[in-house]
Every structure is written in C-alpha cells, then in structure tokens.
Amino acid sequence: MRASLIFYFTIAFFTLQAQINGKVIDEQTGAPLPYATISLFLAADSLLVDGTITDEPGTFSLETKPGSYFIKVEFLAYEPFIIEKIEVKNAPIELGSIKLAASSTTLQEVVVQAEKSTMQMSLDKRIFNVGKDLGNAGGNAAELLSNIPSVQVDVEGNVSLRGSGNVRILIDGKPSGLVSFNGAAGLQQLQGSLIERVEIITNPSARYEAEGVGGIINIILKKERRNGFNGSFDLTTGIPANYGVALNLNYRHDRFNFFVNYGVSYRKSPGGGSLYQRYISGDTTFFYRQKNNRDREEYGQNARAGLDFYLNASSILTASYTLRRSISNRTMNIDYKNFAFTEDNLTDIYTRTQVEKEVEPNSEYSLNYKKTFDDNGHEFTAEARVLDYWEDSDQDFTEKYFLSDGSPSGQADLLQNSYNYEKERQFLFQADYVHPISKEGKIEGGLRGSLRELSNDYEVTQFNDGDWETLPGLKNNFIYNENIYAAYGIFGDKKGKFSYQFGLRVELTDLKTELLETNEANARDYKNLFPSAHLTYDLPNDNAVQVSYSRRVRRPRYRDLSPFVTYSDDRNYWSGNPDLSPEYTDAYELGHIKYFEQGSLSSSMYYRHTTGKIERIRRVDEAGNAATRPENLSTEDAFGLEFTAAYDLTKWWKIDGNFNFFRSITDGGNLGASFQADAYNWFTRFTTRFTFWKNTDLQLRGNYEAKEQTTQGYRKPNWFLDLAMSQDILKKNATLTLNIRDLFNTRRHQHVSEGATFYTESDWQWRRRQVNLTFSYRLHQQKKKGGGMEEGGDF
C-alpha cells in the first residue's frame, strides 16, 4: 500500500502543471502591449520549452512542469526583457506587470489598438495583424489587401501602393509561387484565412531586393510554435457562390514543431460591363457599342506543410512544401453593335462567345536555417527555395452574325481556338548576416541568387473548310530566361537622439528572350547599384521624424515582354512588348510619427522620379480594332502626401483612417506630343468599429477614389461601402462573422481614353456585391475579451 502511494504521488509530481501569469506594459505610459512574445527556456541548457503571446489587455499565462526556467519577453520596437531564475513548483507564479522600454533603433514602432488585431506603425513600415478585421472573413488575399491603408486593389485584382501599380509582393519575405507567377490571379486564389499579417514597406532599404518602385507588400502566412497541439479552422459560405474550408494546425513537442495550412474553395464570380467607341477612318466616323457578360467558376486548393527542428537553443532548421492548384471555367459573352455616320444608323450585329478551361498548379520547396548568437541581434540566416509552375489554358470561340434588325445574316459561324501552355521553374538562394557593433549599431550583409526559366507555347487556330488552320503570326514558343545575382551591405548606428542607416545593393541581371518559330532573340544585361539611406531624429513627447532615400527598379515581367495577344475580345487586343526596357526610380520620403496611449498619427511626404516609365498605351486602327501594350515613356515625377491615424474613442468604439493625395507629371514625348499628363488624385478610407454587449462587434468601412487623369484620358471616381458583424459563440471558442462587400454594388472600373482618331469609354464590374458568412473555431485557443487567445475548446 505504501509503495503504491509513493508511486502515485511520484507520478502526480511529474505530471502536475504550474501556471506562470503576468502582464506586459509600456514602461512610460503603462499601456498594455498586446501580441508581445513570451518565450520560456530551461535554465540548464537554454532549450525553448514553451511560448505564447499576450492578449489585448497585455496579459499572458503559461503552464509548465516544475523546474528551473527563465523567460524572455519581446515586442517590436521595445528592448527585450529577460526574467531569470524562475523556480516553478506546484503553486501558480504571479510575475505582475513586466515593463518594457521603447527601443531607440532606427525604426521606432508603436502598437496602436485599432479595429484590426494590432496595427504596428513606424516611419517607413506598417504591420497589420489582419485577424480581427471583420471585413476579411471569407475573403481572399486580394480582398484582404483592399482593406489596408495605402493599398488599392482594382476590380481585376491588380494591386497598387500609394498610386503606383509597380509593387513587389512577397510571401513570408520571399518570392512565392502563390503570387509570383500570376500576381493578381494568385492573390484571388489565396484564402485570407491562411494569412496572419501583412507588412507594408514604402521605402525599402538595401536589405530588400530592388524590384518594386511603389514599395513592398509582405504577406505572412499563419504558423504556430506553441507547445502541444493547437490551431483553428474556418468554414465559409456566400452569395454569389463562395464556399471554403481553411485549416491551420501545428504540433510542438520538444525539438520538433510540425505545421500544416490547408484551404479549399469554390467560387463563382459573375461580372460584366460595356464599352463605347467612336473612331474615324478616312472621312467617315464609325461607332460601336459592346456589352460583356462573364461567369467565372473556380475551384482552388492551397496546402502548406513543414517542420521546424531545433538543433539547439540557438539554431533552427525549417523545411516546408507548398502546393497551390486551381481549375477555372470561364464563359464570356460579348455583343457587338456597329454604327456608321451617326449613332442611329445601326449596320450590323454580331456576338462572340468564349469558353475556357484553365488548370494552374504550382509547388514550392523551401529549406531554411537560422543561427542566433549570444549577443542580442547577432544572427545568420540562409535559405534555398525551388518554385515550379505550369498553366494549361484551352479556349474555344464562336462568332455569330446578324443583320441590323436582329435576324440571321446568313454568314457561317466563325469557330476559333486558342491554346496556351506555360511552364516555369525558379531557383532562389539567399544568405544574410547581422552583427551588432555597439548597443545601437550593427553591420549587415547578404547574398542572393535567382534563376528563372519559363516557356510559353501559344497557338490560335480557325476552322475553315472542314480543317483547323493556324492563323498567320499566331503560333510561337516564347522562351524567357532571367538570372539575377545580388549582394548588399548595411551599416547603422545611433548617436544620442539621431539614428542613421546607410546601405548599398548591387544587382546583376542577365535576361534573354527567344521566339523559336520565328528565330528571334533578345539578350539584355543590367548592372545596377541601388543605394539607400534612412536618417531618424527622436523629438520630445513621443514624436520622431525620418528622412529616407532608395533607388528602385521595375524590370519588365514575363507578361510585359510576351508578344502573344489575348484573343477573347475580337475588337480589343492586349499583348506584351519584347522591346520593353526597365524603369528606374529615385524615391525620397519625409515621415513623422506621433504616438500616444489611445492612438497614433503618422504622416509622410514622398517624391518619386522615374525614368523609362512603363505604361499601357492604347492604339486604334482604321477598322476600329484597339491594341493595348506596355510602352516606355520618358519620365514621371510623382509627389504625394499621406496621413494614417487610429484612435480608441472608448473601450467599445474604435476608428482609423487613411488619406493619400498625389500628383504625377508624365512625359511621353518620346511617343508623341499627345502622350503627356499632369494628374491629381486622392483616395481615402475610413473604418469604425463598435463593440456591443461583450461578444458582438459591428464594423463599417467606406472607400473613395477620386477622378484620376491618365496619359490618354482619365479614370472616373469610385466609391463603395463594406459592412460586417461578428458574434462569439461556444464559450468564445468560435466566432460567427457576416460581412457584405460593396454594400450598394457601386464598385465599378470606369475609364475614358482618347487619341487623335478615337474616343473610348468603358464601364466594367468584374466583381459584384458579395455576402459571406464565416464560422471560425479555435482549437486549444480561446478568444478573450480583448481579442487575444487563451486555452480553449476541443473538437
């Protein structure tokens, strides 16, 4: 009996879990710091055994076995804090308030408790933890980005930052097959529930690749490293049809951490629009009106799995695999009405129907290594990555002809087929080293290599006299090879209230394109230096200013260079330009940030001077057919002013807003005197969020984009309103969210283009009002009152 009691007490001793509780606050203001990282280490060998993050009130709780430990508390823009010699027995340990001192590094950042989970702002970088934004539930990555200040996403999913469409989009800090190959489409196929946060970098340093004139958008996918088994899943349904399941799981035990993200979705995207064109051919004026109706059906899967292996307390090796596969079925019906002399003189009618099936799988293999040293901030990282992608697109077209009264013309139907097969592989290697040289100073350097191979087999055929015949000039195989090698160095330090950082990046680009059928080749080499500088001065009363400079480049992308013509519209064609050259930008920015206990205000003035500006130019021939392709213009000078603010009016009412005004002066005199523009534009976004009772939130977001002049015309104003509401259920283990995007169905893409012989007006709405209902469940997590996570339910 005594032996049994001793045995049971022994087992109980080693299985008992004691709690460690605490709260993290700002040393000066006493404000809580949500989402601070808490790491628990064994005192004996510094092995990481557990970790968590603080909730919105700044509190945290850990459970661990009896023993000797130490805790490290970290938070962006604050000095790390270490609590040594924690002896855990069987009783709870109360650490009380842990005060963190603001860091005086070059990028002073602050947490603002805004309507999003957390918005961390600095003078040149903002981080948006998107999980609490109700407008993101059930959406994809493109829709998620449209909710972020400074970012605009048009109706086709194209992303711009501060008015510049040349933006570099990264996944987890690196190019990824999720978005690299087909950016806009890739964003629409990536489920927003797989994303943890988004980083906006408006004037990047030499640490980042030089691509992206407007800046960098870095999308961070979800990944846990907490002990045990935890995660979450989401179920979505919507109108028009939008069904999705997303799963995020991880299991951490000792030196191993396994993580899995999986999402599957089915969406139908009805849309359409109209186009009116007046053109002059000889001494006659012609008109035509075009009406489009499109129905897109898409089935997609995103899967990511990986393993973290902690070699020791200071080294970690991570291997991961990502697979994305989408199958799309598109149907487009276009009605054409042709007029001569006057708009009342209808001459003929014809219709064109497109039926397309497209398969797009891509995969990604990644191996990462990170080594940290004893001194804070001293680390080495290395990565190797392989990206594979292919696209198989088969399109059938049918044209039918009618007289002006709508009766059949007697002309035989026209049958055509367009086949496109793309295949791409990219190898990426990168190594970075950071070495502190003083309390505030450091030197940093790195190497990077990117090898990219792409082929595109393209053919358009037409059914004539019982046989399919290739149309002249519409068959070729386009080969694209791009190799980029880079090295960079950065030096930074702080003297009193003045911080500085200087960097230099060298990039060597070897680019070659070939058209095999016509034996055409174009080889180019670019050797460029990209300097950067960031100077910061800390002002009294929690203010800081920064002056920054960087040189950026936009290299012509594959689709910019491919000469193949889109064939879905018989009157409007789009293609690339094999003779396109890169554009270069010198970017200057003056920023100010003021932060306080209940909010933050940042402002910036920026200027960009661009040479070789790339812009799509539309030309109309004598038959009224329009061809659009990218061209190099001489220069563009862009000036801008931006304000971003967030404020907690009360515990139950939070607001934030963004306002951006810019002017761009474009000189396209190299193409002709008519290609000039002096454009003013502004856009604004305002979000307000209310908390009712304890577990119900209501969110409204309004967006407005003013009229914008373009090189050949202007874009009309655009506005839309989003509405969302959420309710915590199942003892706060789950959340039900209803959101309506474009509540009044007003989001349209309206353009006017003019030339010497034509006038074109278009009105498109590729996405209509969307209503989504999302159920989110947290496994072994629970949503606290402030929005953080604590231990929670099971399946």
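**Exercise 1. Find which element gives the most to the nonpolar patch, and with how many residues.**

Step 1. Start with the top contributor: β34 supplies 3 residues to the patch. Strands like this one are DSSP runs (E, at least two residues; helices are H or I, at least four), numbered from the N terminus.

Step 2. Now look at who belongs. The surface patch is formed by Phe596, Leu601, Phe643, Tyr647, Leu649, Trp652, Trp653, Phe659 and Trp682, and together they have about 770 Å² of accessible area. Two elements give two or more residues each: β34 (635-650) and β35 (653-667).

Step 3. Check the rules. A patch takes residues with over 30% relative accessible area and no salt bridge; nonpolar side chains (Val, Leu, Ile, Met, Phe, Trp, Tyr) are joined within 5 Å, like charges within 9 Å. Areas come from the Shrake-Rupley method with a 1.4 Å probe, and for residues only the protein chains shown count as cover.

A word on the model: it is predicted, so local features need pLDDT of at least 70 and side-chain atom pairs count only at pLDDT 80 or more, while totals for chains, interfaces and linings use all residues. Residues are numbered from 1 along each chain as its sequence is written, and side-chain values use heavy atoms, leaving out hydrogens and water.

**Exercise 2. Work out which parts of the chain glutamate 358 and arginine 330 link.**

Step 1. These two form a salt bridge, with their closest N and O atoms 3.2 Å apart. The term means a side-chain nitrogen of Lys or Arg within 4 Å of a carboxyl oxygen of Asp or Glu.

Step 2. Glutamate 358 lies in strand β21 (residues 346-372) and arginine 330 in strand β20 (residues 315-340), so the pair links distant parts of the chain, 28 residues apart.

Step 3. Glutamate 358 is buried because its relative accessibility is 7%; arginine 330, at 17%, is buried too.

**Exercise 3. Is glutamate 631 buried or exposed?**

Step 1. Glutamate 631 pairs with arginine 629 in a salt bridge (3.2 Å, N to O).

Step 2. With a relative accessible area of 8%, glutamate 631 is buried, whereas arginine 629 is partly exposed at 30%.

Step 3. Elsewhere, salt bridges with shared partners join Glu211, Arg505, Glu507 and Arg555 into one network.

Definitions and conventions
Buried < 20%, exposed > 50% of the residue type's maximum accessible area, 1.4 Å probe, protein only.
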